Amino acid sequence: MTALDLYRDVTPKGTIDFLRCLAEKVRGRKILHVNSTRVGGGVAEILRSLVPLLNDIGVEARWEVITGTEDFFAVTKAFHNALQGEEQDLSPEMLETYREINRKNAQGPAWNADYVIIHDPQPAALILQKPEGGRWIWRCHIDISHPQRKVWNFLRQYVVQYDGAIFSLPRFAQRLPIPQFLIYPSIDPLSDKNRDLSPLEQEKILDRLRIPRDKPILLQVSRFDRFKDPLGVIQAYRLVKKHHDVRLILAGGGAADDPEGEKVLAEVRQAARNDPDILILLLPPDAHVEINALQRAATIVLQKSLREGFGLTVAEAMWKGKPVIGGFAGGITVQLVYGVTGFTVNSPEGAAFRIHHLLDNPDIMAKMGEDAREYVRRNFLITRHLGDYLALMRYWMN
Amino acid sequence: MVKKAAAHPFLFTGCWELRQMLGRSARDERQLLEAIEEVPLDSIYYHTHSFFLRHKYIAGPYPNDFATWAAIQVRDRVLGEKLGVLDPFEFLDLESLRGAIVTIIEEHLSHLQIIPRVIYEEPFHFMQSRITAVPTGLESRTLTEFREILASVDASVIYYHTFEAILRLGRRNGDFALWIEQQLELPELAEKIAHLDPYMTSLEAIRHRLIRLCDEFLEREAWK
């Protein structure tokens with residue numbers, strides 16, 4: 001049995017055989033993915049699953065990571081924020097640091113392949129050293145619907161030299177002279193974060209995390225970040241608490257090296273003070289199986305973001321058959337079909353209303369969870385992502 | 001009597017849709033109209049049909065993106081309803097469908113003093129479908145084989161032989177009905193299949209109905 005065959009039981013009827021047919025024409029072709037980190041973050045998580053599957057299906061896939069200095073990553077962090085619409089001041093020296101590190105990386109591994117997929121802004125300038133032959137595609141994972149123009153114009157000079165670009169939502173598309181494709185990110189149903197857990201395994205993890213199971217659990221898994229609106233979640237919980245005896249778990253991490261995150265965490269702790277039914281869990285970045293257990297233990301999962309790139313935690317919870325209430329932001333709106341696979345809301349009051357509504361209607365909650373899982377099965381699994389890349393490769397063969 | 005084997009087998013072909021963004025959007029109904037007049041037909045196709053490949057559910061009140069946008073994002077329910085009842089299978093080709101959509105919007109706007117537009121909601125983003133046909137290597141020569149394979153193939157096979165065949169390849173009754181009529185010489189069953197309305201349902205529901213029609217037919221034949 002190959003790696004891809006393991007997905008037979010979790011994908012829609014006929015999918016795996018069909019993916020093999022789709023791969024027929026691109027078998028033996030070389031594809032290279034390039035990003036800036038091998039651990040942590042959604043891109044690395046996707047590539048860790050996707051690259052072996054590409055190889056399994058007959059494509060020669062590689063994954064390379066660029067290296068950079070602290071200064072370089074400070075610049076690309078500023079890029080990231082500016083492209084998401086935050087005002088940033090980038091000096092000529094900072095832009096030169098970006099160019100210089102990309103030039104140095106271009107001397108590194110062989111960047112040649114039939115298809116080179118460059119992920120996000122960090123390695124985008126590698127295009128200047130593009131060798132002869134091969135299609136180069138820029139894959140943008142961030143929300144650039146309202147970028148700071150100066151920074152986007154700087155990056156755009158590189159992007160237009162690519163053969164194509166990929167974005168995660170239609171609204172992220174830009175005016176570009178190259179073809180732009182829509183490819184949603186995906187979750188791996190067999191990874192530690194999403195695989196089935198035995199009841200015993202789940203119990204053990206919840207015991208280790210000291211999670212009581214005597215009340216319905218409302219859960220939000222996210223960084224302690226204002227855009228994830230943890231304070232709004234607490235407000236919604238308090239409104240619900242008047243009628244339902246529930247427990248709220250806010251699970252997140254990565255705040256230690258982020259001054260803004262620490263501040264938000266302090267505010268959350270202050271807001272949760274004196275309420276034993278609000279649990280704040282700080283989890284390490286590799287707490288995949290713990291997040292899995294928490295999502296499975298939840299009655300309702302919240303992702304009440306005010307701004308969001310794609311928000312794959314929504315698909316993760318949906319895959320576990322949970323009803324999700326999410327903020328009307330980013331990719332949450334394409335994952336939650338209103339009233340069918342979940343609810344999108346625009347305020348803490350809206351979230352409270354929907355939590356209340358679902359707790360009062362367990363039948364609706366069960367049906368919604370079931371539909372949510374089916375929706376993810378069809379649209380947000382890594383196998384669909386694999387098919388999109390195969391189709392993209394075929395697009396340039398035609 | 002069921003013909004034993006067809007001279008030409010049915011070749012099951014599936015498809016994969018690559019979604020291309022045109023980088024063009026509309027914030028009001030006039031801009032929507034202008035863009036609909038100008039975008040490639042693959043974009044009209046994307047916004048009126050190909051969602052069947054992606055959704056089990058109609059992710060909005062109407063089964064085409066133009067109607068849903070007008071009703072939900074612009075909050076112009078009248079235009080939403082007028083566009084929502086369009087049945088693409090009533091048109092000979094996508095150009096005629098485009099013409100009908102344009103006429104409905106023009107007619108609607110001619111009665112208004114102010115062009116309805118989105119205020120806080122989402123603009124309309126134009127996309128287009130890049131459909132890749134993928135032969136599955138599976139083929140059937142009898143109705144029984146046809147039914148068995150149909151039950152297990154990827155749902156895109158159903159899509160390709162109904163939507164793609166009818167709307168882009170010009171085979172008005174769809175590939176299934178055509179093969180059953182011409183190769184198995186079963187006009188009655190072919191007619192029933194040709195009359196299935198795929199537009200208001202899902203690919204799995206179409207699969208289910210096709211299998212049921214085959215089963216009913218095979219059962220009747222067994223009793224003869």
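Helices (H or I, at least four residues) and strands (E, at least two) are DSSP runs numbered from the N terminus.

Before moving on, please note that this is a predicted model, in which local features need pLDDT of at least 70, side-chain atom pairs count only at pLDDT 80 or more, and totals for chains, interfaces and linings use all residues. Residues are numbered from 1 along each chain as its sequence is written, while chains are lettered from A and ligands numbered from 1 in the order in which they are written.

Now select the strands of an open, eight-stranded sheet with mixed pairing, in the order S2(A)-S1(A)-S3(A)-S4(A)-S5(A)-S6(A)-S1(B)-S2(B). Its edges are S2 of chain A and S2 (124–140) of chain B, each of which pairs on one side only. From one strand to the next, the twist averages 25°. Two strands pair if DSSP finds at least two bridges between them.

Then go to S4 (residues 135–139) and S5 (residues 164–167) of chain A, which run parallel and are joined by three bridges. A:Ile137 has A:Gly164 in S5(A) as its bridge partner.

**Where the chains touch**

Select the contact between the chains, with 25 residues from chain B and 30 residues from chain A. Two residues are in contact if their C-beta atoms, placed from the backbone, lie within 7 Å. On the chain B side, S1, S2 and helix H8 (155–167) each supply at least two residues. S2(B) gives the most, with eight residues.

**Helix H2 of chain A**

Finish at H2 (residues 42–56) of chain A, whose 15 residues reach 22 Å from first C-alpha to last. Its buried residues (20 or more other C-beta atoms within 10 Å of their own, C-beta atoms being placed from the backbone) include A:Ile46, A:Leu50 and A:Leu53. The buried residues pack against strand S1 (30–35), strand S2 (60–65) and helix H14 (382–397) of chain A. Just after the helix, click A:Gly58, which takes a positive phi of about 110°.

Methods:
Expected span 1.5 Å × (residues − 1). Buried ≥ 20, exposed ≤ 12 C-beta atoms within 10 Å, placed from the backbone. Axes fitted to C-alpha atoms, helices over the stretch in contact; angles between N-to-C directions.
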